[in-house]
Amino acid sequence: MDLPSIDLGSACTVPPPAWPPLCQPFAALGPEFSVPVAVSPLPDPMLVACSADAAALVGLQPPRCTEEERLWAQAFGGHVDTLSGGSRATVYAGHQFGNWAGQLGDGRALLLGEWPDAENGRHSGGYPAWEVQFKGSGRTPFSRMGDGWAVLRSSIREFLCSEAMAALGVPTTRALCIVGSTRPVRREELETAAMVTRLSPSFIRFGHFEHFSYSGQTAALQRLTDWVIARYCPQCAGQPQPALALLHWAVARTAELLARWQAVGFVHGVMNTDNMSILGWTIDYGPFAFIDAYDPLYTPNTTDRSGRYALGRQPAVAHWNLLALAQALLPLIAKPDDALQAVDGFRPQFVRAVQQQMAAKLGLEQVDADDGVLLQDLLDLMAANRSDWTLTFRHFSRLSADAQAAIPPELAAQFPRQPQAFAAWVRRYRARLQRERRSDQARAQAMDAVNPVVVLRHHHAQAAIERAQAGDFSEVRRLLAALRKPFSPDAAHAAYAQPPAADAPPACLSCSS
């Protein structure tokens, strides 16, 4: 379990937590970038769950008894000035579904400040600090028609997926904890409000650059660019054109991110430019899904009627979004062709990264020239047979390279419509394996290290949400424990590896999700 397995009704044996002081360097950029906004505390706050892994990033000890849970709920429900006294909302803009949306901004999130990384950058990939953000903390000047609240349902999904993605090795914002409340919130129906505390080295989005560029605030755009470079990619500062170097950096990191999304079967659902992190990290978990039956045209977003953000289209959208970022940076780049050339580097970098990811999933130590055709033919078979993405690749590790060995029945079962075509593909795959040096056992071990058993499937998340809405948070915590160890078969978590029923409809979620 994420929380220690003790009697939470027992008395505390440690003093109440002393929350580390927060610093707020973002405010120093100037009033054009953010405004102070008070947190609206949640009434009757209750701790739904806490991530021990995320707490360790900033040196916090997760709660160990009922009283400490109460203190965490108060603190991360907005009732402790030490944490929420300096909160700010940042302004940004963005393209939404390919259309310019103009000024946006933190409509229901507040930046509290930052805490140092507990081990001086080791946890964060080299960044020395974590920005701390409340999501669902009330209206801000950028809320537009929204109320600024987040509901328990969507907050649980974001909390669980943030930590699931981190355990899978996908760059992502983190979720420290989730706090529920009795505050009523109207969405499609009446729900209750909740708040997620998020961590990231930075919450800067492509849309931050778009806002200052498209509104003609070139000096502010330069200040933002210099600030990002100094804090997150100082190697760009020494280049002849630092802004162009930053663009190259963002292109490379976004290409790697998209390759990792594709490899784990993750569909973001709302890849607007305001939901793209300049760090190349996953940000803003709305109507997302991990794919069950493979369908490259699947999107979980009910408002994405054209399928713009479908699984197979995510790389192309990332390229489009990078073009928008390049356009925003043009005032700081000498020649437009230089910016275009930087973005043109996305495709070869993504192809190389996804080939490496998929080769590892198939147990191949190196990428050969004909591997792309072999992989595409497998994907076509998976689409035609509605093969489960996660289970299919996990079962491949049980397939022997021996041409005379039987195909494992659990793997064959993923191709019920075209068993002969799949058997023919296996013969080609086994011939390819003959060029590898590893034994079946060594290859299986390597494959099991990159092909998860457990991902956050929609039906398991929904079961946890329904119990939480009834006041029982135990399933959220059990599911989190399983998601923290996605590559390790565990009898206690076996149920979370199960796909939905064959006749279950795919996840369809609104942006309130």
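Predicted model: local features only at pLDDT ≥ 70, side-chain atom pairs only at ≥ 80, totals over all residues.

Residues are numbered from 1 along each chain as its sequence is written, and side-chain values use heavy atoms, with hydrogens and water left out.

Let me start with the overall build, where the secondary structure comes to 17 helices and twelve strands, these being DSSP runs numbered from the N terminus, with helices (H or I) of at least four residues and strands (E) of at least two. The radius of gyration is 23 Å, close to the 24 Å that the globule rule gives for 513 residues, so the chain is as compact as a globular protein of that length; here the radius is taken over C-alpha atoms, and the rule is 2.2 Å times the number of residues to the power 0.38. Along the principal axes, the C-alpha atoms fill a box of roughly 70 × 65 × 45 Å.

How much of the chain is buried? Buried residues make up 56% of the 513, where buried means under 20% relative accessible area, exposed over 50%, and partly exposed in between, with a 1.4 Å probe and protein chains only. As for contacts, meaning heavy atoms within 4.5 Å, those with a separation of 6 or more come to 74% from residues 24 or more positions apart.

Now to Arg 394, which lies in helix H12, residues 389–396, and which counts as buried because its relative accessibility is 9%. Its side chain reaches the backbone oxygen of Asn 451 at 2.7 Å. Leaving aside residues up to four places away in sequence, Arg 394 touches Asp 448, Asn 451, Pro 452, Val 453, Phe 487 and Pro 489.

My last topic is backbone angles. Most residues other than glycine have a negative phi. Arg 144, however, in the loop between strand S7 (129–135) and strand S8 (150–151), has a positive phi near 50 degrees. Asp 284, which is not a glycine either, has a positive phi of about 65 degrees, and it lies in the loop between strand S11 (266–267) and strand S12 (289–290). Is Asp 284 buried or exposed? Asp 284 counts as buried, because its relative accessibility is 12%.

Key: Polar contact = N/O pair within 3.5 Å; in protein donor to acceptor, adjacent residues only side chain to side chain.
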